[in-house]
Amino acid sequence: MNFELPKVVVIGYPNVGKSTLVNRLAGRREAVVHRHAGVTRDRKEIAAEWSGRSFVLVDTGGVDAGDRRQLARQVRAQAKAALGGAALALLVVDGAAGPGPGDEDLAQIIRRGSKPVLLVVNKIDDFDHVDLIHDFHSLGLGDPVPVSALHGTGSGDLLDMITGRLEEQGAVLAAGEEEEISVAIVGRPNAGKSSLLNSLLGTERVIVSALPGTTRDSIDTVLESGGAAFRFIDTAGLRKPGKIREDVEYFSRVRALAALKKAQVALVVADSTTGLTDYDFTIISQAARSKCATAVILNKCDLARPEEKGIRHLLAVKTVLKPPYLATSAVSGEGVPAVHALVRHLHSLYGSHLPTSELNKFVQKVKAAHAPPLVRGRQLRLYYVSQPQTAPPRLVIQVNNKGLVTRPYASYLENAMRAHFGYQGCPLVIQFRGKKG
């Protein structure tokens, strides 16, 4: 398995620019940035590299010790959990605002944990005012480091300091690459995606709330189980585009769809209490278009037991992939252990290669059972089938004239292949190639 990279946890009071700094240090826009405070809630891990050295940046939600609301307490718990596994902490403060009570509270938390720390004074956009950083010596965390996350000023010096501190600790700075199974968890708001992820991991990795829209960003978490490494990506709830009211929701949707595009397997989580809705099928179609091997997870089965025969019928007639489904309860744990086996099965289909001889025997049987159609007096002829690519499987069928391939017959071939080879839930890319000349 991969060596565990050292984690650099970025922590601070709300709206000091932590996510902007994380994006700057990572060299790409991974964390959601917004002018309003409190957009980041869960901790988000982002791989970073500087001067050939690798580490993980951990973006956390803004910590306000004086906020007693339930969601604020959960954000604090996530930040403290991140600090527990940190090789280095970056306490980010607002240079324009000066030291505040919230900064002192966080400094005390870090000192109690005895973690190596760099005090980063952000928003020093005009270095004529760099003297403002000296006010932060009162926090007792060493010399403040001035940066402007917005403009990038000082970020190179900060990265040098980060890698230098990690080297002082003898932290592992390079990782061997082995394959991970990338799994995107998608679905409508409040279907129980975050609860399912926590149940799969056996820990409160992401914040769960009865309020829809609690998850704002896509959160990656790696789990090793049964000799395999799973990278689960928890995503924000997908609303219908017409129901998006805030730009944060728009960017959350963009991140969720991007997670589908980079995943190998998609788990579409639906709510058993409402059953499969039209928009659930839209999300399943989106997973199919993203070329993900897909399964449907009907969560909350402790509250409403889905009718198995009806669900299977709907998935068979209303989807292209004909995905398998599981009934689960993230609360009781029912069905959750079977998710790992289902993901492994879908991943094996996703990367599988069918022998050419079996493919061609199958096509001969299909032609005998259902002859290709006549189009303008000419009949389609199927000559030869091969599979030049996996992940997802791509099949090339040699025909006399690909202009004679009708949509119904192409769908018939695809459905017959799924039934014969057991490819339910796995995307199949089927291309028809006409004879040269």
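Helix 5 (residues 193–201) is largely enclosed by the rest of the structure, because 7 of its 9 residues are buried. Buried means under 20% relative accessible area; exposed means over 50%, and partly exposed lies in between (1.4 Å probe, protein chains only). Helices here are DSSP runs of H or I with at least four residues, strands are runs of E with at least two, and both are numbered from the N terminus. The buried residues of helix 5 are Lys193, Ser194, Leu196, Leu197, Asn198, Leu200 and Leu201. Their cover includes strand 7 (181–187), strand 8 (219–225), strand 9 (228–234), strand 10 (265–271), strand 11 (293–299) and helix 9 (337–350). Gly202 follows helix 5 and has a positive phi, near 75°.

The model is predicted: local features need pLDDT of at least 70, side-chain atom pairs count only at pLDDT 80 or more, and totals for chains, interfaces and linings use all residues. Residues are numbered from 1 along each chain as its sequence is written, and side-chain values use heavy atoms, with hydrogens and water left out.

**Overall figures**

The protein has 11 helices and 17 strands. Of its 437 residues, 51% count as buried. Contact means heavy atoms within 4.5 Å. Among contacts with a separation of 6 or more, 70% join residues 24 or more positions apart. The accessible surface is about 20,000 Å², and carbon and sulfur atoms hold 51% of that surface. Accessible areas come from the Shrake-Rupley method with a 1.4 Å probe; for residues, only the protein chains shown count as cover.

An open sheet of 6 strands runs in the order 2-3-1-4-5-6, with mixed pairing. Its edge strands are strand 2 (44–50) and strand 6 (145–146), each pairing on one side only. Two strands pair if DSSP finds at least two bridges between them. Strands of a sheet pair through backbone hydrogen bonds, either parallel or antiparallel.

| Strands | Bridges | Direction |
|---|---|---|
| strand 2 and strand 3 (residues 53–59) | 7 bridges | antiparallel |
| strand 1 (residues 7–12) and strand 4 | 5 bridges | parallel |
| strand 4 and strand 5 (residues 117–122) | 6 bridges | parallel |

Lys44 stands opposite Asp59 in strand 3. Ile11 faces Leu91 in strand 4. Val93 has Val121 in strand 5 as its bridge partner. From strand 4 the chain crosses through helix 3 (residues 101–113) to strand 5, in a right-handed β-α-β crossover. A crossover is right-handed if, with the strands pointing away from the viewer, the path from the first strand over the helix to the second runs clockwise.

Strand 4 (residues 88–94) is mostly covered, with 7 of its 7 residues buried. In a regular strand the side chains alternate between the two faces of the sheet. In strand 4, Leu88, Leu90, Val92 and Asp94 point one way, while Ala89, Leu91 and Val93 point the other way; all are buried.

His340 is found in helix 9. At 11% relative accessibility, His340 counts as buried. Not counting residues up to four places away in sequence, His340 touches Leu200, Leu223, Ser225, Phe230 and Phe232.

Leu315 belongs to helix 8 (residues 308–318). Leu315 is buried as well, with a relative accessible area of 2%. Leaving aside neighbours within four places in sequence, Leu315 contacts Leu276, Phe281, Ile284, Val296, Lys322, Pro323 and Tyr325. Leu315 and Tyr325 are 10 residues apart along the chain, and their C-alpha atoms are separated by 8.7 Å.

**Aromatic pairs and cysteines**

The structure holds 3 aromatic pairs. One of them joins Tyr409 and Tyr412: the ring centres are 5.5 Å apart and the planes stand at 45°, so the pair is tilted. Rings of Phe, Tyr and Trp (its six-membered ring) pair if their centres lie within 6.5 Å; planes under 30 degrees apart count as stacked, over 60 as edge-to-face and the rest as tilted. Tyr409 and Tyr412 are 3 residues apart in helix 11 (residues 407–421), so about one helical turn separates them. An α-helix has 3.6 residues a turn, so residues three or four places apart point the same way. Tyr409 counts as buried at 3% relative accessibility, whereas Tyr412 counts as partly exposed at 25%.

A search of the whole structure finds 0 disulfides. A disulfide is a pair of cysteine sulfur atoms within 2.5 Å. Cys301 is buried, with a relative accessible area of 3%. Cys426 is buried too, at 0%.
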